[in-house]
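Please open the model in your viewer and keep the sequence beside it.

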Amino acid sequence: MRGWWREIAGLVLPVACGGCGSPRTELCPACADALAGPGPRRVRPAPEPAGLPVVHAAAPYADAVRELLIAHKERGALTLARPLGGALAGAVEAAAGPGAGPADGPLLLVPVPSSRRSVRARGHDPTRRIALAAAARLRRAGRPARVVPVLRQRRYVADQSGLGARGRLANLSGALEVVPGGARLLTEGRVVLVDDLMTTGASLAEAARAIGAVHLPFIPGIPHGLPAGPAQRGIEQRVAAVIASSPASFEINRNSLETWIVAGGER
């Protein structure tokens, strides 16, 4: 209900840019350019948690981009979901790579879930709202996509804001699970984990673990009673996309690429 009233208020009250406060616009051209960033790039936190999928981000988490994400998440600037979703859509495409054709299935955007406590406090679920906007942008661009919110928290999780990398990993370890019936949904396309922000990577690593832990449903053509092959035992999650990540994570990726080029492109 609170989220609905915020959207109505945004139609009748004066607005200001969520990034810099410029009047009479929800997003000024300068802040839109900052959100577009240098283009989606692979990012890595340091240290990188075990099990973290390959992550692509649209922009560094600094200045206008940081303010836009906070305005949407904490101050109820819900109209920012559309431009934020556009930035996430670009990162999703970079993470998923080119589609192989209609038989490849749609992109399945799986949001990292917020706690019920946070959703109640904010009056909306910011990550899911942005994911829905990203899926809509992808469909308009001709790429089939839908949001599949199959992850949920299975136990209490403390507020992450005051925790370091090791504390966040411990806080989230084993905290997520796939809802009953979610495994079948995950077989219908290419799974891409999505979140608004990556800091330590703990949330994405735990989400990837939860998805990988589920067993695939029965697949036609494989006789009953035979041992399940590797593809049947679980859903392997290798890619993720976020709107923003720390500037240092972009720099780590750039330095890694330069080292690889200097070495002649050899692994």
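Buried means under 20% relative accessible area, exposed over 50%, and partly exposed in between, with a 1.4 Å probe and protein chains only. Helices (H or I, at least four residues) and strands (E, at least two) are DSSP runs, numbered from the N terminus. This is a predicted model, in which local features need pLDDT of at least 70 and side-chain atom pairs count only at pLDDT 80 or more, while totals for chains, interfaces and linings use all residues. Residues are numbered from 1 along each chain as its sequence is written, and side-chain values use heavy atoms, with hydrogens and water left out.

Select strand S3, residues 107-111, where five of five residues are buried. In a regular strand the side chains alternate between the two faces of the sheet. On one side of S3 lie Leu107, Leu109 and Pro111, and on the other Leu108 and Val110, all of them buried.

Strand S4 (residues 145-147) runs parallel to S3 and is joined to it by three bridges, with alanine 145 as the bridge partner of leucine 107. Strand S7 (residues 190-198) is also parallel to S3, through five bridges, and its valine 192 stands opposite leucine 109.

From S7, move on to strand S8 (residues 239-245), which is parallel to S7 and joined to it by five bridges; here leucine 197 stands opposite alanine 244.

Finally, show the open sheet of six strands, whose order is S1-S2-S8-S7-S3-S4, with mixed pairing. Strand S1 (41-43) and S4 stand at the edges with a single partner strand each, so one side of each is left without a neighbour in the sheet.

Terms used
Pairing = 2+ DSSP bridges.
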